[in-house]
Amino acid sequence: MPATGRIWPRRLLLDLSGGANFTPAALEELVVPLGQQVLSGAAGDVAGIVFITPDEALRRAIVALAQHHGFPFFVARSRQPDDVRNAVSAQELNPAESETLEAIARHGGHATAAQLAASLSLEAPAVNNRVTNLTRLGLVYKVERNRRQGAEYIDPRYLDPDVFVVHGARPEPGSALRAAGIPSDPYDTSPLEVDGEAAERAAEILRRRGAGT
Amino acid sequence: MAKLPSGQPKSSGDGARVPEALYLDLTRSIATLADDADFAAFCCCGDNDPAWIEEVEDYVRGSVLRRVEHTLAFRDGQGDLIAVSAFAERVIRVPIVDPVAHEGWHLQVVAISLEHQRQRLSKQIFEQTFAAMREIDASRVYVTANVHREHRSSRKACSEVGIDLWTPLDDHYVVLLGEVPSS
């Protein structure tokens, strides 16, 4: 994948195997905003996120965060294609959902409901329920097609990694400043109170803009 | 996405050999995590630049997409990331007016890639950042920015777009205050 003529969603691979030691706070700082952006759609047309790390404890921590927040993440040991395709869902799946995900994988990572019904020997409504649940969990991506073709369901682990992000050793905000002995927080957005000449000119701006008296 | 003003480089008009503002044909877009790979490779700090410039590069590379509510990516015709800006909501209190508190913006970062610095692109980036601010909330008048006291090019760039009222933040940084132009 992707086949020509289709618009496929993006898959994000986040490689955390660069040697950085993630504190719980740093991991949460990375994982939670990312998951929120995916769930809200702000991250664009993202079908799945696979976190990669050889560190089993780190994978467990990611799974715990994903389960707590309901994020549709997978975790894998390495970025090798086989490892990514065998990445483990962070969400707990029931046996029926696991079986369906495996069936999609056997079809090469994408299948229609009719194909799944045939391979799982199930009636269409049962398959539809399963893929609907997986889609709702964000673990399967639904590509709408015309009625004759039927919608296709995609296992994001099988997508080409359109976006590959390495999170090996990204510095924390302010770390370059602190290393130079500068304790400032240039990102502080707490309310600012101006006085003196600055206040006079600020007031003038407001009067000119009709926003204050 | 918005297309930035483009065209010929601005001429000084009088034949004087002054640096000309280069108006590149840039495209502005709201940055998302899909831009992460480009942000992670963004370079705006030279080998001998001071810590406060290194900090800006670090912030763009690793933090801004996850920490700031509004992040903009500026790309050239080839899709290369040329500049980044980001801003967040901030309340500015002016005790001598009524009401005292005013919703404004705080510029978290404005960064131009190393190879496009010293081409007077900053005004173009600021103008488009102001345009994005107006698109989000046109009622916000004030804009602030925290700038290192010795970061002359940054202070000059802010001053050129009217962000020039300053008050100390601490021994190292000042807070610059200005207005989002009404158009």
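This is a predicted model: local features need pLDDT of at least 70, side-chain atom pairs count only at pLDDT 80 or more; totals for chains, interfaces and linings use all residues.
A contact, for what follows, means heavy atoms within 4.5 Å.

Take the contacts in chain A between residues at least 6 apart in sequence; 65% of them join residues at least 24 apart. Chain A is built from eight helices and nine strands. It has 213 residues, and 46% of these count as buried. Its accessible surface is about 10,800 Å², with 48% belonging to carbon and sulfur atoms.

Now the salt bridges. Over all chains the count comes to 19. I will go through three of them.

One is between Arg208(A) and Glu179(B), with the closest N and O atoms 2.7 Å apart. Arg208(A) sits in helix H8 of chain A, residues 196-209, and Glu179(B) in strand S8 of chain B, residues 173-179, so this pair joins two chains. Arg208(A) counts as exposed, at 54% relative accessibility, while Glu179(B) is buried at 16%.

Next, Glu57(B) and Arg61(B), where the closest N and O atoms are 3.6 Å apart. Both residues belong to helix H2 of chain B, residues 51-62, and they are four residues apart, about one turn of the helix. Glu57(B) has a relative accessible area of 9%, which makes it buried; Arg61(B), at 29%, is partly exposed.

Then Arg140(B) and Asp137(B), whose side chains meet at 3.0 Å, N to O. Arg140(B) is buried at 7% relative accessibility, and Asp137(B) is partly exposed at 24%.

Methods: Residues are numbered from 1 along each chain as its sequence is written. Chains are lettered from A and ligands numbered from 1 in the order in which they are written. Side-chain values use heavy atoms; hydrogens and water are left out. Buried means under 20% relative accessible area, exposed over 50%, partly exposed in between (1.4 Å probe, protein chains only). Accessible areas come from the Shrake-Rupley method with a 1.4 Å probe; for residues, only the protein chains shown count as cover. A salt bridge is a side-chain nitrogen of Lys or Arg within 4 Å of a carboxyl oxygen of Asp or Glu.
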